[in-house]
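Hello,

Here is the structure I promised to pass on to you. Please have a look at it first, and then read on for what was found.

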Amino acid sequence: MDDKSGRLKKKRGVTRTSVTKICKAIETELTKTDVNVDALEEMLEQLAVESNELKNLDSQIEEFVSDDKLEKEVKEVAEYTQKIITWKFRATKKIRERTKNVDSLNVPSSCYKESSSNIKLPKLSISKFYGQSCLWLSFWNSFESAIHENDSLSEVSKFNYLKAHLGGSALSTIEGFALTPENYEIAIKLLKERFGRSDVLINTHLNNLLRICPLKNSDDIVSFRKMFDNIQTEIRSLNLLMF
């Protein structure tokens with residue numbers, strides 16, 4: 001029991017260090033005159049991943065905490081939770097300020113094939129893809145239907161939109177490519193090979209299932225629904241990949 005507790009605490013120590021580094025990086029970026037929005041968005045993605053891991057570890061470690069050390073444990077958990085919330089809020093606020101007048105990520109109105117001069121449809125926004133394999137299918141399905149299969153757009157325009165919707169390691173994969181029709185097809189192929197491989201995606205979703213923590217209280221309906229939704233999401237993704 002002590003060995004398991006010790007291993008969990010070591011893992012949490014590494015995760016807490018990672019959270020602190022990301023928060024410090026966000027703080028440094030926010031002090032710059034010309035804030036890099038893409039960098040901030042990537043940091044927020046990383047912070048979200050580490051935050052979820054930290055919550056899981058905190059939950060598991062709590063079972064081993066004695067009553068006399070519980071108060072200290074709760075304070076430490078609250079400290080890191082507050083740190084994450086603070087820097088997430090500040091980064092998100094800055095991103096909104098910098099992008100409120102920018103419409104570059106909106107899908108062009110020509111993407112709506114069923115249009116009418118008397119009907120104004122809201123513009124569709126596609127979330128950026130930063131290289132997390134588990135989010136590839138969701139991103140590609142949205143991009144494919146709105147941009148890739150849109151006959152009114154040239155290949156070069158599609159390539160422009162593709163680059164605008166990528167960040168982090170995903171953007172680095174194709175960043176050096178010139179905007180040509182041929183390179184657009186090559187870029188799509190590279191992204192699919194790196195982030196859309198079925199074996200990688202299946203392993204990712206299986207690992208996500210294994211990381212879901214069991215309920216501590218069977219009467220906690222909110223937690224039960226959240227756990228159920230998470231399980232269903234992973235199972236649906238696996239069904240799409242395996243069948």
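What does the accessible surface of the chain come to, and what percentage of it belongs to carbon and sulfur atoms? The surface comes to about 15,600 Å², and carbon and sulfur atoms account for 52% of that. Please keep in mind as you read that this is a predicted model.

Now for the overall picture. The chain has 243 residues, and 31% of them count as buried. There are 9 helices and 0 strands, so if you follow the elements from the N terminus on, they read α-α-α-α-α-α-α-α-α. As for contacts between residues at least 6 apart in sequence, 65% of them join residues at least 24 apart.

One pair of helices is worth a visit on your screen. Two packed helices are described by the angle between their axes and the distance between the axes. Helix α5 covers residues 155-164 and helix α7 covers residues 181-195; their axes come within 8 Å and cross at roughly 40 degrees.

Sorted by class, the contact has 8 nonpolar residues, 1 polar residue and 3 charged residues.

Enjoy exploring, and write back whenever you like.

Best wishes

Technical notes: Residues numbered from 1 in each chain as written. Predicted model: local features only at pLDDT ≥ 70, side-chain atom pairs only at ≥ 80, totals over all residues. Heavy atoms only, no water. Axes fitted to C-alpha atoms, helices over the stretch in contact; angles between N-to-C directions. Helix = DSSP H or I, 4+ residues; strand = E, 2+ residues; numbered from the N terminus. Nonpolar A, V, L, I, M, F, W, Y, C, P; charged D, E, K, R; others polar. Buried < 20%, exposed > 50% of the residue type's maximum accessible area, 1.4 Å probe, protein only. Contact = heavy atoms within 4.5 Å. Areas by Shrake-Rupley, 256 points an atom, 1.4 Å probe, with all protein chains shown as cover.
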